[in-house]
Amino acid sequence: MTRHRAVPTERLHLWLMLALTFSTGVIDAVGYLGLDRVFTGNMTGNVVLLGMAVAGDTNLPSLRLALALLFFMMGAVLAGRLLRKGAEGWSGRMSLSLLMVAGVTAGLAVCVAVVDVHATELLGSTTTCVLAMAMGIQAATAKRLKVAEITTVVVTSTITGLAADSWFAGGNSKHWARRTLAITLIGLGALVGAAALFIDLWVGIAVSSAISFAVTLIGHLRHRKDKREVAKVDQATVAAA
């Protein structure tokens, strides 16, 4: 615990968002491979797939793709409203937002474990929608925290920045380490999610939920600690005056 508290808050936030990036890789693998080729975190992929489906590719699940986009946006709207009046950086509202992600995915993991979501189209679509909504909440929450180069749900811009700002391109390779980690972790998450499907669909969702719970707890504890330290400094300033 002492070692954890010695980590600067900004660095800790980076680690937490990287953990959520890994979690997104897990969820996207589960959604794409386990739920009929639908991404629940990477909406860019869904937009492209939906375009091909509209063009006439009947093998693509156009309804689920459209629903995933809609519910992702609904999750982002929900988080946006929740966080709108919150303080900058980590806040109690941010902890609540991420707790929602953890709780929703935990509940879904239990449901998927006891119910065959492939039994009907409705069950499969509902599972996709719930996962997409949770990822929308996560993406909007990460955006609010403003950790440079880390969105937790997409790495296209990260890959672009890594290459465009590299030494090969004449740049200074700023943020190369976190960019490389984000790209690597979302790929490793996808690997873990795909491997989890060999056990069962619920396993990958449960892994993602556990990561979200851990991120929420660690982030909230640091937020509380930072608030106490600020309060002590304010009290000392008042006393000195």
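Reader: Where does His-175 lie, and what makes its phi worth a look?

Author: His-175 lies in the loop between H7 and H8 of this predicted model. Its phi is positive, at about 65°, although His-175 is not a glycine. Most residues other than glycine have a negative phi.

Reader: Why is His-175 called partly exposed?

Author: His-175 has a relative accessible area of 25%. Buried means under 20% and exposed means over 50%, with partly exposed in between. The 25% of His-175 therefore makes it partly exposed.

Reader: What is the phi of Glu-149, and where is Glu-149 found?

Author: Phi of Glu-149 is near 75°, a positive value in a residue other than glycine. Glu-149 is found in the loop between H6 and H7. With a relative accessible area of 28%, Glu-149 is partly exposed.

Reader: How do you know that Arg-179 forms a salt bridge with Glu-149?

Author: The closest N and O atoms of Arg-179 and Glu-149 are 3.0 Å apart. A salt bridge needs a side-chain nitrogen of Lys or Arg within 4 Å of a carboxyl oxygen of Asp or Glu, so the 3.0 Å of this pair qualifies. The pair links distant parts of the chain, 30 residues apart: Arg-179 is in helix H8 (residues 176-196), and Glu-149 is in the loop between H6 and helix H7 (156-164).

Reader: Which salt bridge do Asp-165 and Arg-179 make, and at what N to O distance?

Author: The side chains of Asp-165 and Arg-179 meet in a salt bridge at 3.1 Å, N to O. Asp-165 lies in the loop between H7 and H8 and Arg-179 in helix H8, so the pair ties together parts that are 14 residues apart in sequence.

Reader: How many salt bridges does a search of the whole structure find?

Author: A search of the whole structure finds six salt bridges. One further example is Arg-144 with Glu-88, where the closest N and O atoms are 4.0 Å apart. Arg-144 lies in helix H6 and Glu-88 in the loop between helix H4 (62-83) and helix H5 (92-114), so the pair ties together parts that are 56 residues apart in sequence. Glu-88 and Arg-144 are also linked with Lys-146 in a network of salt bridges.

Reader: Why does Arg-144 count as buried and Glu-88 as exposed?

Author: Arg-144 has 18% relative accessibility. Buried means under 20%, so Arg-144 counts as buried. Glu-88 has 53% relative accessibility, and the limit for exposed is over 50%, so Glu-88 counts as exposed.

Reader: How many aromatic pairs does a search of the whole structure find, and why is the pair of Tyr-32 and Phe-39 called stacked?

Author: A search of the whole structure finds one aromatic pair. The rings of Tyr-32 and Phe-39 have their centres 4.8 Å apart and their planes at 25°. Centres must lie within 6.5 Å for rings to pair, and planes under 30 degrees apart count as stacked, so this pair is stacked. Tyr-32 is partly exposed, with a relative accessible area of 26%.

Reader: Which residues gather in the patch of positive charge on the surface?

Author: The residues are Arg-81, Arg-84, Lys-85, Arg-93 and Lys-143. Lys-143 is found in helix H6 (residues 121-145). Lys-143 has a relative accessible area of 67%; exposed means over 50%, so Lys-143 is exposed.

Reader: Which residues form a nonpolar patch on the surface?

Author: Leu-96, Leu-99 and Phe-213 form this patch, with about 250 Å² of accessible area together. Leu-99 is found in helix H5. At 40% relative accessibility, Leu-99 counts as partly exposed.

Reader: Where is Ser-62 found, and what separates its C-alpha atom from that of Lys-146?

Author: Ser-62 is found in helix H4, and is partly exposed with a relative accessible area of 37%. The C-alpha atoms of Ser-62 and Lys-146 are separated by 33 Å, and the two residues are 84 residues apart along the chain.

How values were computed. Residues numbered from 1 in each chain as written. Predicted model: local features only at pLDDT ≥ 70, side-chain atom pairs only at ≥ 80, totals over all residues. Heavy atoms only, no water. Patch = residues over 30% accessible without salt bridge, like charges linked within 9 Å, V, L, I, M, F, W, Y side chains within 5 Å. Areas by Shrake-Rupley, 256 points an atom, 1.4 Å probe, with all protein chains shown as cover. Lys, Arg positive; Asp, Glu negative; His and termini not counted. Charge placed at Lys NZ, Arg CZ, Asp CG, Glu CD. Helix = DSSP H or I, 4+ residues; strand = E, 2+ residues; numbered from the N terminus. Buried < 20%, exposed > 50% of the residue type's maximum accessible area, 1.4 Å probe, protein only. Phe/Tyr/Trp six-rings, centres within 6.5 Å; stacked < 30°, edge-to-face > 60°.
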